[in-house]
Every structure is written in structure tokens, then in C-alpha cells.
Amino acid sequence: MDIDSYSFYNLDLGFARLQNIQWEQLGQGKQDETLTELMSQFLSRVREWVKFLQSDQQHIFGNLATQIHPDMELPPSIMQWLEELRNCDRIQPWRGRTYVIQGIYNYLCWCFLRESNAVPESNLPHPYEPFISFLEQGGGIYVEHHYFMDIYPNFVSFHLRIS
């Protein structure tokens, strides 16, 4: 499944892409192997990037972009949008609101690095692209004890530790 999009090369396009996600519908996507495959790709790609960067990151939802550029900052308008999304009821807490917000923040940071040509050269694919596609297709998550994640509507479990 080829899911890579060119929106991640530009922060504005990546941000616009997020505007089209139906946040209220997370967890109500089509129950098939597509969502499971997307989540598996996301976890695999993040692990590949952690290894490539020789990072000590321990959690899938750690921010790879800050491993590369620790003092990077997203524009205030994007940070405000993320805060509004965090504080509204469009993403229900039992649909993984905290981790969804962290995942899209990580995605936007990666877009920012790409746009700035600050991502190290490699043949590795975009780490967060499968996660955004997962959300676009109505996937939802539930994280328990910070390291165990179930995806919905498929009811498949994943472990969020890097090692």
C-alpha cells in the first residue's frame, strides 16, 4: 500500500490536510485490514527512524523532529489550533485524544523540518504519514498505561515501546 503524500514536504499543506480530517468520526472507520496495516507501518517507520538517528527515544509517540532539531518551534497559529483541538470535544478522550494530538504535533514538526530541508538524508519513508492516513480513514486509538494501544474499529492491540 503506497500511502506517502507530498503534503509532508510543506507545513502549510500538511496543516491543511489535517483540517479535512473528521475528528468526530475517529474509531468509526471501515473495519478491515487497512487500518491495521497503516498502524503497523507507522510503528515500524518510527522504529526505523529511531534506529537511523541513533536516538534513545523509548516511546512511539516521542517526537523524532526534536531529536534532530531540539529547539524547533511551530508557528503560533498552528500551536493555537492544536490547543483548541485538545480542549474541545471533537476527539473523545477514549479515542486517544492525548496521543492523537501528540501524533499530529509530531507530524507537523516533521513537515516543518522537511520544508526547512533539515531532515537527514536517508531512504527511509516519512515516519508519520501512515498515522495521518490512519486518522483520515477513521481510525481511532485507545492507549492504556502509556504503552498499550488498541486501534478501532479493528480491536487490534499494539505495544508502544521502541525496543
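The following legends describe close-up views of a predicted model.

**View 1. Helix H2 packs against helix H6.**
Two packed helices are described by the angle between their axes and the distance between the axes. Helix H2 covers residues 33–53 and helix H6 covers residues 129–136. Their axes lie 7 Å apart, at an angle of about 155 degrees. H2 is therefore roughly antiparallel to H6, because angles over 145 degrees are counted that way. The crossing of H2 past H6 is left-handed.

**View 2. Side by side, these residues form the contact of H2 with H6.**
From H2 come Leu35, Leu38, Met39, Gln41, Phe42 and Arg45. From H6 come Glu129, Pro130, Phe131, Ser133 and Phe134. Sorted by class, the residues of this contact are seven nonpolar, two polar and two charged.

**View 3. Helix H4 packs against helix H5.**
Helix H4 runs over residues 76–87, and helix H5 over residues 97–115. The two axes come within 10 Å and cross at roughly 165 degrees. This angle makes H4 roughly antiparallel to H5. The crossing of H4 and H5 is right-handed.

**View 4. These residues form the contact of H4 with H5.**
On the H4 side are Ile78, Met79, Trp81, Leu82, Leu85 and Arg86. On the H5 side are Arg97, Ile101, Ile104, Tyr105 and Leu108. The contact of H4 with H5 has nine nonpolar residues, two charged residues and no polar residues.

**View 5. Three strands form an open antiparallel sheet.**
The order of the strands in the sheet is S1-S2-S3. Strand S1 (140–144) and strand S3 (156–159) are at the edges. Each of these two strands has a single partner strand, so one side of each has no neighbour in the sheet. On average, neighbouring strands of the sheet are turned by 25 degrees against each other, direction ignored.

**View 6. Strands S2 and S3 form a hairpin.**
Strand S2 consists of residues 148–152, and S2 pairs with S3 in the antiparallel sense over four bridges. Met149 has Phe158 of S3 as its bridge partner, and Asp150 has Ser157 of S3. Three residues lie between the two strands of the hairpin. In the turn, Phe155 has a positive phi of about 60 degrees.

Notes
Residues are numbered from 1 along each chain as its sequence is written. This is a predicted model: local features need pLDDT of at least 70, side-chain atom pairs count only at pLDDT 80 or more; totals for chains, interfaces and linings use all residues. Side-chain values use heavy atoms; hydrogens and water are left out. Axes are lines fitted to C-alpha atoms, for helices over the stretch in contact, and angles run from 0 to 180 degrees between N-to-C directions. Angles under 35 degrees count as roughly parallel, over 145 as roughly antiparallel, 65 to 115 as roughly perpendicular and the rest as oblique. A crossing is left-handed if the near helix is turned anticlockwise from the far one by less than a right angle, and right-handed if clockwise. Contact means heavy atoms within 4.5 Å. Ala, Val, Leu, Ile, Met, Phe, Trp, Tyr, Cys and Pro count as nonpolar, Asp, Glu, Lys and Arg as charged, and the others, Gly among them, as polar. Two strands pair if DSSP finds at least two bridges between them.
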